[in-house]
Amino acid sequence: MIDHPEPTHLDDGSGLDTDVLIVGAGVTGIYQLYLAHKSGFSALLLEAGGGVGGTWYWNRYPGCRFDSESYTYAYLFSKELFDEWEWAELFAEQPETERYLNHVVDRFDLRRHMRFDARVTAATYDEPAGTWTVVADDGSRLRSRYLVATTGVLSVPFYPDLPGRQDFRGVSFHTGLWPESPVEFAGRRVAVIGTGSSGVQIAPVIADQVASLTVYQRSANWCTPLNNAPITPEEHRRLRAGFEAMREVLNTSLAGFLHPANERSAFDDSEDERRVFFETMWNSPGFAKLSSNYADVLFDDAANAEWCEFIAKKVRDIVGDPETADKLIPKDHGFGEKRPPFVTDYYEMYNNPKVSLIDLKETPIVRITERGIETTEGEAEFDIVVWATGFDFGTGALLRMGIRGRDGLALEDHWADGPRTFLGLQTTGFPNLFFPGGPHAAAGNNPRYNGDQVEFITHALTFVRDHGYDIIEVGPELEDEWTAMVDRGASKSPFGEASYFFGTNIPGKPRKYLLNSGGRPKLFKEIAKVVANDYQAFRLSRSSDGGDRGEG
Ligand SMILES: Cc1cc2nc3c(=O)[nH]c(=O)nc-3n(C[C@H](O)[C@H](O)[C@H](O)COP(=O)(O)OP(=O)(O)OC[C@H]3O[C@@H](n4cnc5c(N)ncnc54)[C@H](O)[C@@H]3O)c2cc1C
């Protein structure tokens, strides 16, 4: 979207270890590393995990796969890269995505700029040098001009505060911290706690292997079929031929998907027409059920209720036991108020006599015991407990990194009432710090809007360098404006306050909207304004040891 100038190496003689220090080797950090180098900056990346992939490194539980169409999630900056990777399925499984991201890293020779098993524990802004000193738990201590935290929004696994978790004598895993060696489920008594996107992915995949599977559900979710399929050679040929047109759509569409928007409203159609249309939606891939559904389905209660009733009927038709079916149908929120999971054989799984469902609203967990899980109805024994209990969304990783800005300001204090940002990528009092793909980013297909931010950051750093500055920061006015825009728009968002997009799943977390309620169009508009006005929106300055590097 933004043209990058030819590389011209920054060399300010300031004794820095690197120009750009990136934290996190997920899809966002890899792209930032690639673009920083391409634009002539030296750049290094630190990663807490033992390898490349971020989400696709940590979430290696059985059944983990995309809800985004594989080729729409992939990088679009290189046609050659696009052509040479043939995704096996429309929605790839975790191992393939992990392989793909490793392939990208090796193909563009990025691995030598990465350090693994290095969790950043402190990042301190040094005045007046205008640099960051970053400390990691592998002993790394690095000084860099710019710090780009690509630490992810779903990268800090969350465990509910239940007494006795440490007492359990069997084995237990969080889906977001899954071990590399395969877990043996055959013949085991297994509990899955949580029925969000991860819980509903893993349960049907292990159901046939286990001796018994008990699913503990806190809230029922509106699950609809993912409708995965292999990608045929013919489809690959068509995708390659249509690459440019596809890239154009993905780079500009509202949520970064290919699914076309529907202009019709639910009640433009008769009841029979609606039923036929909903059937088409039910059979459509992944997020098409949001993007291509009736235009008012996420915004009009009556339209939403029609779609929910259609799904509820499907659940009652699929699940043999009426009591279980009823438990699986949400009563407290409409479709899209929470991030809806997409499933394969999830409802069907409950017809397997080995599988049972515990509704935690009726029988809450009292404690975890040595042998299993005790609810108000008694204790059940397990060999394996799977915690599919989600993440500290949006701010979790950034607030655990020990970030200290001007005058020692702690990010935790600056964001005590929720994140405050401009464009979802800078915050006042923390010069030269960026956090693409963090809080206040747009919602949808992640790499697309995280990529927008990474491209903008690279453009900004290049502008700063080429105009003889080395400090870029945002003032309080723009931060106030963007944060107020996010807060104002929150009430109009389809997501309700029960959603983790408001931090509601984390006790004590401020209830603030964590996405950019203006979405991608607002981000594009503001970025275009900033660029057209030669970055006057930002405060650009020169550090005391910035050297003499031309105008500014
Ligand atoms: C199970 C699951 C499925 C998903 N499916 C989809 C999907 O289909 N489509 C979609 O668009 N999005 C999906 N997402 C969201 C997903 O997080 C993003 O697509 C994407 O992975 C974000 O990339 P990222 O690089 O910004 O962050 P991440 O992939 O989360 O990577 C961040 C990295 O930063 C590292 N890190 C964090 N803190 C530190 C620190 N202090 N020091 C060093 N390293 C640190 C972490 O270890 C991690 O490796 C899914 C998320 C999950 C959990």
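Reader: Let's start with the ligand: which residues come nearest to it?

Author: This is a predicted model, and in it 31 residues lie around the ligand, of which T28, E47, D67, S68 and Y73 come nearest.

Reader: And which polar side-chain atoms lie by an oxygen atom of the ligand, say for E47, T55 and Y73, and at what distances?

Author: For E47, a polar side-chain atom lies 2.7 Å from a ligand oxygen, while for T55 the corresponding distance to an oxygen atom of the ligand is 2.8 Å. Y73 also places a polar side-chain atom by a ligand oxygen, at 2.6 Å.

Reader: How much of the ligand's accessible area does the protein cover?

Author: On its own the ligand has 970 Å² of accessible area, and the protein covers 95% of that.

Reader: Which elements give two or more residues to the shell, and which gives the most?

Author: Helix 1 (27–38), helix 2 (55–58) and helix 15 (446–466) are the elements that give two or more residues to the shell around the ligand. Helix 2 gives the most, with three residues.

Reader: Switching to rings, how many aromatic pairs does the structure hold?

Author: There are 45 aromatic pairs in the structure. One of them joins W282 and F310, whose ring centres are 6.3 Å apart with 70 degrees between the planes, and this pair is edge-to-face.

Reader: Are W282 and F310 buried or exposed?

Author: Both W282 and F310 are buried.

Reader: What about Y500 and F501, how is that pair arranged?

Author: Y500 and F501 form a tilted pair, with 4.8 Å from centre to centre and 55 degrees between the planes. The two residues fall into separate accessibility classes: Y500 has a relative accessible area of 25% and is therefore partly exposed, whereas F501, at 7% relative accessibility, counts as buried.

Reader: Which residues do ring pairs link into a cluster?

Author: Ring pairs link Y31, Y34, W56, F66, Y73, Y75, F77, W85, W87, Y100 and F108 into a cluster. Y73 in that list is also among the residues that come nearest to the ligand.

Reader: Where do the charged ends of arginines sit over rings, for instance R165 and R465?

Author: R165 lies over the face of Y159, at 3.7 Å from the ring centre. The charged end of R465 sits over the ring of F41, and its distance from the centre of that ring is 4.3 Å.

Reader: Where is D407 found, and is D407 buried or exposed?

Author: D407 is found in the loop between strand 17 (403–404) and helix 14 (411–414), and because its relative accessibility is 76%, D407 counts as exposed.

Reader: Last one, where is the place of L90, and what is L90 in contact with?

Author: L90 is placed in the loop between helix 4 (79–84) and helix 5 (94–107), and L90 is buried, with a relative accessible area of 16%. Leaving aside neighbours within four places in sequence, L90 is in contact with several residues, including S68, E69, S70, Y71, N227 and P285. L90 and T72 are 18 residues apart in sequence, and their C-alpha atoms are 9.6 Å apart in space.

Definitions and conventions:
Residues are numbered from 1 along each chain as its sequence is written. This is a predicted model: local features need pLDDT of at least 70, side-chain atom pairs count only at pLDDT 80 or more; totals for chains, interfaces and linings use all residues. Side-chain values use heavy atoms; hydrogens and water are left out. Rings of Phe, Tyr and Trp (its six-membered ring) pair if their centres lie within 6.5 Å; planes under 30 degrees apart count as stacked, over 60 as edge-to-face and the rest as tilted. Buried means under 20% relative accessible area, exposed over 50%, partly exposed in between (1.4 Å probe, protein chains only). A charge sits over a ring if NZ of Lys or CZ of Arg is within 6 Å of the ring centre and within 35 degrees of the ring normal. A residue is near a molecule or strand if one of its heavy atoms lies within 4 Å of it. A polar contact is a pair of N or O atoms within 3.5 Å; within protein, one must be able to donate a hydrogen and the other to accept it, and residues adjacent in sequence count only if both atoms are side-chain atoms. Accessible areas come from the Shrake-Rupley method with a 1.4 Å probe; for residues, only the protein chains shown count as cover. Helices (H or I, at least four residues) and strands (E, at least two) are DSSP runs, numbered from the N terminus. Contact means heavy atoms within 4.5 Å.
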